[in-house]
Amino acid sequence: GGLSSVTVIGLGPMGRAMAASLLRSGHPVTVWNRTPGRADDLVAGGATLAPTPTAAVAASELTILSLTDYQAMYDILGLGGATSRASSVLAGKVLVNLSSDTPDASRDAARWAAVHGASFVTGGVMVPAPAVGGPGAHVFYSGPRAVFDAHEPALRQIGEPRYLGADPGLAQLFYQAHLDVFLTALSSLLHATALVAVAGVPAADFLPGAMELLTGIPTMIGDGRDLARRLEAGEHPGDLSTARMMGATANHIVWTSEKAGIDTRLPKAVKAHYDQAVLAGRASENWTVLYEFLRAGG
Ligand code: NDP
């Protein structure tokens, strides 16, 4: 009986939230962090602070890593002369790395783990720390399916798991692709707020409507399924929202930004996408024609 024990290495805001959620759900939790003081609240809440990374990995079949990047994992688990070498205890263990890095770093890490007899699962957490373990939290995973399935009940405490496939790079790729949408949207919100602010419009008069536009995008372009079908088929029927019309609008945004004296890099990048389609003679096609140029490297 009893829930499986879980080790969490890396107690930044994310790792601390994960360990706290696992504790709340009744899992025995062992933690380790380079800066030990960050474990204090978790230890007060019932977690065990391991004295070394080796002891932390030894304490559970499942070790979750939440670190700045993948190099931190190698630093901690003792590649290349680190003081605490945990690699000897990796045999038979499961490492689930929820840190961001590149898809290739995840693939390299899976090979590295295999050399030490460990299984490796990649994850990308799609919510900030306060939302970890709460409603709406979800996490992308990739790696060996059977290993993922065996630990799914514990991983579920971090957020709803979404398994993508065996390629260890896939979860990282999905994480990055979502952040590509997210970070660009955040920059556009700030840029647009600056545009109206310079004209004397308070941010509060603008941002709620901008947020409505963001969340209303699916009512304009669908839930993504139809767009996906059209992009894959290379169909860009130009009846509505042509590249010419959208490109003219992109131009106006650049001019207005220039006149306002604010940063123009983001709208210029968007304008460049449309300019390319127009120059290639595809102005009368739908705005989705940009995809052909973005995919081909611009
Ligand atoms: P932090 O940068 O706050 O925490 C990083 C952790 O990594 C700390 O425990 C730190 O130890 C440790 N660390 C970094 N480098 C080393 C090293 N060389 N050796 C040993 N330990 C090291 O990050 P977060 O908790 O915010 O995020 C963790 C991961 O989750 C990141 O990859 C991030 O991109 C991702 N993520 C973050 C989200 C967020 O909203 N914060 C949302 C989704 C994903 P120490 O305490 O000693 O410094």
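Biologist: Which element gives the largest share of the shell around the ligand?
Modeller: This is a predicted model, where local features need pLDDT of at least 70, side-chain atom pairs count only at pLDDT 80 or more, and totals for chains, interfaces and linings use all residues. Numbering runs from 1 along each chain as its sequence is written, and side-chain values use heavy atoms, with hydrogens and water left out. α1 (13-24) and α4 (70-77) are the elements that give two or more residues to the shell; helices are DSSP runs (H or I, at least four residues), strands likewise (E, at least two), numbered from the N terminus. The largest share, 3 residues, comes from α4.

Biologist: What is the distance from the side chain of threonine 35 to an oxygen atom of the ligand?
Modeller: Of the 22 residues around the ligand (a heavy atom within 4 Å), Asn33 and Thr35 are among those that come nearest. Polar contacts here are pairs of N or O atoms within 3.5 Å. For asparagine 33 the distance to a ligand oxygen is 2.6 Å. For threonine 35 it is 2.5 Å.

Biologist: How much of the ligand does the protein bury?
Modeller: Threonine 68 also has a side-chain N or O atom 3.4 Å from a ligand oxygen. Taken alone, the ligand exposes 900 Å² (Shrake-Rupley method, 1.4 Å probe). The protein buries 76% of that.

Biologist: Which strands stand at the edges of the sheet?
Modeller: The open sheet has 8 strands with mixed pairing, in the order β3-β2-β1-β4-β5-β6-β7-β8; strands pair if DSSP finds at least two bridges between them. Each edge strand has a single partner, so one side is left without a neighbour in the sheet. The edges are β3 (48-49) and β8 (160-163).

Biologist: Which residue of β4 is the bridge partner of isoleucine 9?
Modeller: β1 (residues 6-9) and β4 (residues 62-65) pair in the parallel sense over 4 bridges. In β4, the partner of isoleucine 9 is leucine 65.

Definitions and conventions: Polar contact = N/O pair within 3.5 Å; in protein donor to acceptor, adjacent residues only side chain to side chain.
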